[in-house]
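This report describes one chain of a model and the way it meets its partner. Please keep the sequence and the structure in view while reading.

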Amino acid sequence: MQTFVPERLEWPQSAAALRATVREIVAEHGVTDPVARANCWSKPDPAFSRKLGAAGLLGMVWPRAFGGHERSAMERYVVLEELLAAGAPVGAHWIADRQTGTLILRYGHESEAERWVPGMARGEIYSCIGLSEPGAGSDLASVRTAARRDGDGWIIAGQKVWTTNAHHAHVMIALIRTDPASERNAGLSQFIIPMDAPGVTVRPIIDLTGGHDFNEVFFDEVRLPATALLGEEGNGWRQVTAELSLERSGPERYLSSMALLVELIRYAESHGDKALADLVARLAAETWTLRLMSASVATKIARGEDPALEATMVKDLGNAFEQAMPELVQAAVDVDPAGPEALGLVLGHLLQVSPSFSLRGGTREILKGIIARGLGLR
Amino acid sequence: MSDEQTMLAEMAGALFASLGPKAGAGDWNAVAEVELAGLLVPEAQGGFGGSWEDAVMVLRLAGYHALALPVAEAVIAAHLSGRSSGRGTLASGAQGTLADDHFSGTLTGICYPEGADYVVAPAPQGGAMVLDIPDAGLSLSANVAGEPRAAATLDRVAAQAIPGDVIGLGALARTAQIAGALDAALALSVDYANQRQQFGRALGKFQAVQQSLATFACEAAAANCAAIGVAQAMARGSAPYEIAAAKLRANRAVGVGAALAHQVHGAIGFTQDYGLHPFTRRLWAWRSEFGNDAYWSAKLGPQIIARGADNFWADITALTD
């Protein structure tokens, strides 16, 4: 049995140059707040997103005709890991660049692709994901938000919840029931919904730190044109499953706590002891391994495969690593998690937000269920 | 995988499966016949001329079949010494002096001493040394998995200093073996969970058991990726950072994986008759051998801290760019 077949990694020739470009842009933009560097892909900064767009670092693999740059998937991977490792504020464009643009290009009507994708590549159009509902969390197949035909178009009614960055987004891709008689994962379809369409209301949900990432999104008889149907009617579940592979496989699934490891090393530079050095070594070993695993999945995706099982394993291991780190650091270092030292501030932030890492993008329990099925259990 | 690698994997896999954990010293001939020890020795010197990826693949299979023969040691010893004939083995420790082509002192952790033609050990002043296996003065023992080990006290025996890192390459080999043994223990555990019925259904139907095995699978995956990662890095010639990181990661996977394998198996896995312990006992032994967590942390941690926080990520990416 070998559940994860590691790929021979072929890093692009351009990797070093791309890294230098990203490091320069990040340094020039100035990302000095250590708390902002933690979990940075939930921190929106439209000015930074536009800079990346101008530098050709968004929509890297998309066709030039839609504002993309036709670079390789591994070149894009290099840029992603550099941005995340630097703690750059990539939250505004992250979802659009990672999955929405790709999905619209893959399944969407040409007029929708023309409307949304070039702006995404410029770092000006942002998106959110409409999956969870009040009655459909991990049990995603119970979504009840409905679309009914209205002439050529559609009318949407219902509600989504836990929608990250809905208040910054211009567009949502939502999973919606198109066949009212259907149950579970049949009769679902994906729709492209402009966030400024009449009848769309966004209400904030404030998290336990006082931060605002989450929202409720209400659809009150929202009229959409025929082109808003993304892909095939009734094929939504399969499309979402493929989308989740994009969503689960990236380097953001192990790098969210990297700012804490960097601050730990900085602290150890002047407070050296053996316990700290051991902890740094252990966390570095995890980082090194997870990077290879994540890049191995990216290599498979770049070849057109769908390594759903491997992607799930990397997310589960990555989340466990990101979540273990705050507790390990708190045990090893006598620092106040309320600050003012940088290490303490990052620690305090991650202690509070890291429990969400194994919820977003699929809970740990759901992921382990997928892995178990991949092992031939059930 | 190339066609050549597929053939090598099929040949080694079939051979190791037929020999397995019950192999004895007399079975070495079967390995010698296919000249596996020369896997890393260049063709010009009479070896197979394989890559480190070939070696990790073969040593992973040795772990996968809990092979009770010193293929790993022979491959690394031949690579370090450049010898294409005879069976070499490794010793993990040496205390004493190497001077005028003679060594006086103690060798520890000599692996599978019986029938070995020579031993490669770390040299006291750094690098490595090759010695003939002494006829007398061997103090025979075994690791917790029952694999033969020995120590020897030597007085002015002929020894040749050679370059190389015995502990590092030994750790690389153990990482590959750990990856294989974890995958094999995982396969046994999954099969057992699907067969064993309790409360009227297979254990594998219970979510708690499923989640344990999923956790185990992730750890086995991490160890496998670490092993392959080191092999790819060795194309550069040496990979001290990667070896330290990979052995540390594999050692962690041992703790989680071996414990979950036994938990899923229940009491049957604890018996001598059942075939789980050849894997788990080796995993526990190999976690100590060629550097435990403390050893590799002491290599890696201070080096990273000395380089400084702002070089941490750049140093990791520089390993692959």
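In this predicted model, 43 residues of chain B are in contact with 44 residues of chain A. On the side of chain B that touches chain A, the elements giving two or more residues are α5 (166–195), α6, α7 (240–265), α9 (293–307) and α10 (312–318) of chain B. Helix α6(B) supplies the largest share of that side, namely 16 residues. By residue class, the side of chain B that touches chain A consists of 25 nonpolar, 13 polar and five charged residues.

**A pair of helices across the interface**

Two packed helices are described by the angle between their axes and the distance between the axes. One such pair joins helix α10 (residues 308–332) of chain A to helix α6 (residues 207–233) of chain B; the angle is about 95° and the axes lie 10 Å apart. Angles of 65 to 115 degrees count as roughly perpendicular, and α10(A) is therefore roughly perpendicular to α6(B). Here A:M313, A:D316 and A:L317 of α10(A) meet B:A217, B:C218, B:A221 and B:A222 of α6(B). The residues of this contact comprise six nonpolar, no polar and one charged.

**Chain B as a whole**

The secondary structure of chain B amounts to 10 helices and eight strands. Its radius of gyration is close to the value that the globule rule gives for 321 residues, so chain B is as compact as a globular protein of that length. The following table collects values for chain B.

| Property of chain B | Value |
|---|---|
| Radius of gyration | 20 Å |
| Box filled by the C-alpha atoms, along the principal axes | roughly 70 × 55 × 40 Å |
| Share of the 321 residues that are buried | 54% |
| Share of contacts with a separation of 6 or more that join residues 24 or more positions apart | 70% |

**One residue in detail: B:M129**

Is B:M129 buried or exposed? A residue is buried if 20 or more other C-beta atoms lie within 10 Å of its own. B:M129 has 25 C-beta neighbours inside 10 Å and therefore counts as buried.

This residue, B:M129, is found in strand β4 (residues 128–132) of chain B. Apart from neighbours within four places in sequence, B:M129 is in contact with B:L98, B:F103, B:A121, B:A123, B:A159, B:Q160, B:A161 and B:I162. B:A171 stands 42 residues from B:M129 along the chain, and 17 Å separates the C-alpha atoms of these two residues.

Definitions and conventions: Residues are numbered from 1 along each chain as its sequence is written. Chains are lettered from A and ligands numbered from 1 in the order in which they are written. This is a predicted model: local features need pLDDT of at least 70, side-chain atom pairs count only at pLDDT 80 or more; totals for chains, interfaces and linings use all residues. Axes are lines fitted to C-alpha atoms, for helices over the stretch in contact, and angles run from 0 to 180 degrees between N-to-C directions. Helices (H or I, at least four residues) and strands (E, at least two) are DSSP runs, numbered from the N terminus. Angles under 35 degrees count as roughly parallel, over 145 as roughly antiparallel, 65 to 115 as roughly perpendicular and the rest as oblique. Two residues are in contact if their C-beta atoms, placed from the backbone, lie within 7 Å. Ala, Val, Leu, Ile, Met, Phe, Trp, Tyr, Cys and Pro count as nonpolar, Asp, Glu, Lys and Arg as charged, and the others, Gly among them, as polar. A residue is buried if 20 or more other C-beta atoms lie within 10 Å of its own, exposed if 12 or fewer, and partly exposed in between; C-beta atoms are placed from the backbone. The radius of gyration is taken over C-alpha atoms; the globule rule is 2.2 Å times the number of residues to the power 0.38.
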